[in-house]
Amino acid sequence: MQIGYKLASEGYGPQEIIRQAVRAEQVGFDFVEMSDHFHPWLDVQGHSSFTWSVLGAVAARTSTLRLATGVTCPTVRYHPAIIAQAAATMALISDGRFTLGVGAGERLNEHVVGQGFPSVRGRHERLREALEIIRLLWQGGYQSYEGRHLHLEDARIFDLPDTPPVIAVAASGEPSARLAAELGDGLFATEPEASIVEHYRRAHGSGPRYAEVPLAWATDEQRAVRAVLQTSRWMVTGWKVIE
């Protein structure tokens, strides 16, 4: 088992996040993952820097720490061709330490480009097409793709690593866990729920499995409780509401 540290782009500015990542390597964490948001969950959190720029800076300041997006949505705010290029570049500048964590997205971030936000089924269909496009571009050469939702025209990524990044697909239930097993290299569980892993394994998924466990640290219990209520009360409603 490996232990990672979550870089909360919603809670800290980019310079502080870079400092935390460097410190995480110094104290022995195996990896860091960073959320990829346009907005924070709550305005009171006060931050939401551009994840890919920050991860590039972290890669340049570290040498053994593995890096991951936790997670990015490659279907609405970003086109999958852009994510394929960004992930390939991250793999190169980190010397193979990068994992591409992807998911179907949340309205909080994806609505900003004015294209609406699909249903659960529509998001899964788009994520499947996005993964197919990313894999296609990582094969090299000029590629085109015609999907139901997403398209690619005569595109090529010129800087590709010898070994493509691992793709870990976020799952919250059986359909997304099956998608992770079919088109991903690993699983990103949205919560420490054993059934998600079981669905992944039943679908013959055998790659690395990530799960987040939220913690609140303070000098006493009441301060920790107040901090959670101030910055993380959005978690109470669960994924069905906040997606």
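How many salt bridges does the structure hold?

1. The structure, which is a predicted model, holds 12 salt bridges. One of them is formed by Lys6 and Glu212, whose closest N and O atoms are 2.8 Å apart. Lys6 belongs to strand β1, whereas Glu212 sits in the loop between β9 and α8 (221–231), so this pair ties together parts that are 206 residues apart in sequence. Lys6 is partly exposed, with a relative accessible area of 31%, and Glu212 also counts as partly exposed, at 27%.

2. Glu125 counts as partly exposed at 21% relative accessibility, while Arg121, at 64%, counts as exposed. In the other, the side chains of Arg135 and Asp185 meet at 3.1 Å, N to O. Elsewhere, salt bridges that share partners join Lys6, Glu33 and Glu212 into one network.

3. An open sheet is formed by 7 strands in the order β1-β2-β3-β4-β7-β8-β9, and their pairing is parallel. Its edge strands are β1 and β9 (209–211), each of which pairs on one side only, and the twist averages 25° from one strand to the next. Within this order, strand β4 (residues 98–102) and strand β7 (residues 166–171) run parallel and are joined by 4 bridges; Thr99 has Val166 in β7 as its bridge partner.

4. Helix α1 lies across β1 and β2, and runs at about 175° to β1. Helix α5 (residues 120–138) lies across β4 and β7, and runs at about 175° to β7.

5. Strand β5 and strand β6 (residues 151–155) pair in the antiparallel sense over 3 bridges, and a hairpin of 4 residues joins β5 to β6. Glu146 stands opposite His151 in β6. In a regular strand, the side chains alternate between the two faces of the sheet.

6. Which residues form the tilted aromatic pair with centres 5.7 Å apart? The structure holds 5 aromatic pairs, and among them is the pair of Tyr5 and Phe29, which is tilted, with 5.7 Å from centre to centre and 50° between the planes. Tyr5 lies in strand β1 (residues 4–7) and Phe29 in the loop between α1 (14–27) and β2, so the pair ties together parts that are 24 residues apart in sequence. Tyr5 counts as partly exposed at 29% relative accessibility, and Phe29 likewise counts as partly exposed at 29%. Ring pairs also link Phe31, Phe188 and Tyr210 into a cluster, and Arg156 lies over the face of Phe158, at 4.0 Å from the ring centre.

7. Is Ser49 buried or exposed? Ser49, located in the loop between β2 (31–34) and α2 (51–61), counts as buried because its relative accessibility is 14%, below the 20% cut-off. Leaving aside neighbours within four places in sequence, Ser49 is in contact with Ser9, Pro14, Ile17, Met34, His37 and Val54.

8. Gly96 lies in the loop between α3 (80–93) and β4, and at 43% relative accessibility Gly96 counts as partly exposed. Leaving aside neighbours within four places in sequence, Gly96 is in contact with Arg66 and Ala91. Gly96 and Thr163 are 67 residues apart in sequence, and their C-alpha atoms are 7.7 Å apart in space.

Conventions: Residues are numbered from 1 along each chain as its sequence is written. This is a predicted model: local features need pLDDT of at least 70, side-chain atom pairs count only at pLDDT 80 or more; totals for chains, interfaces and linings use all residues. Side-chain values use heavy atoms; hydrogens and water are left out. Helices (H or I, at least four residues) and strands (E, at least two) are DSSP runs, numbered from the N terminus. Buried means under 20% relative accessible area, exposed over 50%, partly exposed in between (1.4 Å probe, protein chains only). Contact means heavy atoms within 4.5 Å. Rings of Phe, Tyr and Trp (its six-membered ring) pair if their centres lie within 6.5 Å; planes under 30 degrees apart count as stacked, over 60 as edge-to-face and the rest as tilted. A charge sits over a ring if NZ of Lys or CZ of Arg is within 6 Å of the ring centre and within 35 degrees of the ring normal. Two strands pair if DSSP finds at least two bridges between them. Axes are lines fitted to C-alpha atoms, for helices over the stretch in contact, and angles run from 0 to 180 degrees between N-to-C directions. A salt bridge is a side-chain nitrogen of Lys or Arg within 4 Å of a carboxyl oxygen of Asp or Glu.
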